[in-house]
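The following paragraphs lead the reader through one protein chain, from its overall make-up to individual residues. Please keep the sequence and the three-dimensional view at hand while reading.

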Amino acid sequence: MASTEPWLMENGNLKGMSKETRHGRTAHNMSSSSLRKKSDMTLVSKVPCGIVRKVLANLQEVILGTKLSILFPAIPLAIVAQCYGFGKPWIFALSLLGLTPLAERVSFLTEQIAYYTGPTVGGLLNATCGNATELIIAILALMQHKVDVVKYSLLGSILSNLLLVLGTSLFCGGIANLNSEQKFDRKQADVNSLLLLMGLLCHMLPLMFGYVGKFDAAVIEKSTLELSRVCSFVMLVAYVAYLVFQLWTHRQFFEAQEEEGDDVTTEEAPVIGFCSGFSWLVLMTAVIALLSEYVVGTIEEASESWGISVSFISIILLPIVGNAAEHAGAIIFAFKNKIYTLGVALGSATQIAVFVVPLSVITAWIIGINMDINFNLLETGSLALSILVTAFTLQDGTSHYMKGFVLLLCYIIIGACFFVSQAPLKANGVNMRVESSTGAIFRA
């Protein structure tokens with residue numbers, strides 16, 4: 001086994017995966033692991049120099065240890081395109097492709113570090129880095145005063161997880177298991193649904209300020225902003241309580257139920273050391289930040305070149321590419337009659353709704369930008385109906401292909417809505433109401 005080779009040791013020993021850690025793996029870890037592949041260390045083991053052998057082993061595990069490694073060349077291509085002034089739509093497309101394997105590798109590295117830190121610290125690290133791409137894009141967009149891009153991208157991530165990821169998994173799982181009924185534990189779904197509904201309430205109240213009476217626009221704007229900040233603090237408190245609930249008091253609700261014969265549980269020791277894993281995690285995060293900056297800086301030019309609105313790119317295209325690893329992992333496990341994607345989709349949507357969104361509002365406040373959580377009527381309505389449809393889908397603890405098919409149809413309808421509705425992008429940090437009209441010409 002590769003785990004016994006000397007170049008995988010750091011500080012003279014190799015810590016294996018304890019039973020507590022193994023059975024504490026989250027659904028996100030289990031789903032992402034479906035895209036990993038074991039590395040053949042035959043050639044690496046023949047390298048005489050220990051330091052070179054260790055570096056090559058790390059490169060093979062981190063860079064080539066995923067089925068998405070074919071997309072890594074997009075990263076240097078995006079950097080070259082940026083440095084040599086290629087067309088910005090090309091930079092945007094290459095950066096999106098480069099972000100796809102990075103998101104999966106961050107999940108891999110956090111799991112590797114968790115082998116050394118234990119399940120609790122590992123769970124906190126995974127919760128923090130689970131949506132690192134969305135959080136970095138949001139912060140960089142805020143720094144460029146592109147508040148609408150932040151709102152659209154975060155909304156799109158929630159919708160993608162609730163309708164596309166979950167819908168695809170339930171549909172594929174139902175088709176692959178027509179003669180059997182897929183069942184899951186409702187406890188986790190109930191907790192996530194409650195948090196999503198609370199987040200929806202926080203989004204709807206600022207929206208309603210514009211309809212409750214005849215107030216001066218400045219008064220409405222100020223009240224909406226203040227309420228948004230209060231709601232953001234409340235959501236962050238709820239997220240902290242959610243972490244305590246998930247990692248300490250009721251951990252069993254969120255543990256992926258592993259079965260004998262699962263190919264993701266055969267490896268019981270880390271394949272890289274703690275220092276190497278942490279260094280790679282820092283490097284991957286830096287590359288994600290660089291590519292995210294390219295994405296944010298070229299999104300308007302890509303929109304104009306392709307004739308697609310920024311809202312459609314941010315709500316539909318960005319989440320599809322950014323969550324490609326979760327999508328693929330969910331489908332793979334669905335065909336094996338394992339609904340790990342329930343925890344992946346609901347957990348990720350919950351994290352974005354009650355952590356990334358309020359954190360973006362607080363961050364904007366700190367850097368002097370007025371960002372509220374009024375996502376406008378069309379966007380908030382899409383979010384509300386998506387949460388309700390998902391909650392009704394999961395209420396009985398069973399699944400079949402028709403449920404997944406309906407979720408996918410809902411996602412297609414919402415995508416078509418934002419495709420024909422082209423809204424002007426505002427960059428002044430204030431967005432009270434976006435006027436949408438079919439056939440309008442987009443102007444950044």
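A residue is called buried when its relative accessible area is under 20%, exposed when that area is over 50%, and partly exposed in between. By this criterion, 57% of the 444 residues of the chain count as buried. The model is predicted, and the values discussed here were computed from it.

In terms of secondary structure, the chain has 16 helices and 4 strands. Its accessible surface comes to about 18800 Å², and carbon and sulfur atoms account for 67% of that area.

For L102, the contacts beyond its neighbours within four places in sequence are F72, I75, M284, V287, I288 and L291.

A pair of helices illustrates the packing. Helix α9 (residues 186-208) and helix α10 (residues 217-249) have axes that come within 9 Å and cross at roughly 170°. Because angles over 145 degrees count as roughly antiparallel, α9 is roughly antiparallel to α10. On the α9 side, the contact is made by V191, N192, L195, M198, G199, C202, L205 and P206. On the α10 side, T224, L227, S228, C231, M235, A238, Y242 and F245 take part. Sorted by class, this contact has 12 nonpolar residues, 4 polar residues and no charged ones.

T110 lies in helix α5, which covers residues 88-117. T110 counts as buried because its relative accessibility is 2%. In sequence T110 and C129 are 19 residues apart, while their C-alpha atoms lie 7.7 Å apart in space.

S360, in helix α14 (residues 341-366), likewise counts as buried, since its relative accessibility is 2%. Apart from neighbours within four places in sequence, S360 is in contact with A138, L142, V150, L154 and M371. C410 belongs to helix α16 (residues 401-420). When residues up to four places away in sequence are not counted, C410 touches L163 and V389. C410 and V389 are 21 residues apart along the chain, and 8.8 Å separates their C-alpha atoms.

Most residues other than glycine have a negative phi. H145, although not a glycine, has a positive phi of about 60°. This residue is found in the loop between α7 (132-143) and α8. Is H145 buried, exposed or partly exposed? With a relative accessible area of 35%, H145 is partly exposed, because this value falls between the limits of 20% and 50%.

N376 is another residue other than glycine with a positive phi, in this case near 75°. Its place is in helix α15, which runs over residues 376-393. N376 counts as buried, because its relative accessibility is 4%.

Note on methods
Residues numbered from 1 in each chain as written. Predicted model: local features only at pLDDT ≥ 70, side-chain atom pairs only at ≥ 80, totals over all residues. Heavy atoms only, no water. Contact = heavy atoms within 4.5 Å. Axes fitted to C-alpha atoms, helices over the stretch in contact; angles between N-to-C directions. Helix = DSSP H or I, 4+ residues; strand = E, 2+ residues; numbered from the N terminus. Parallel < 35°, antiparallel > 145°, perpendicular 65-115°, else oblique. Nonpolar A, V, L, I, M, F, W, Y, C, P; charged D, E, K, R; others polar. Buried < 20%, exposed > 50% of the residue type's maximum accessible area, 1.4 Å probe, protein only. Areas by Shrake-Rupley, 256 points an atom, 1.4 Å probe, with all protein chains shown as cover.
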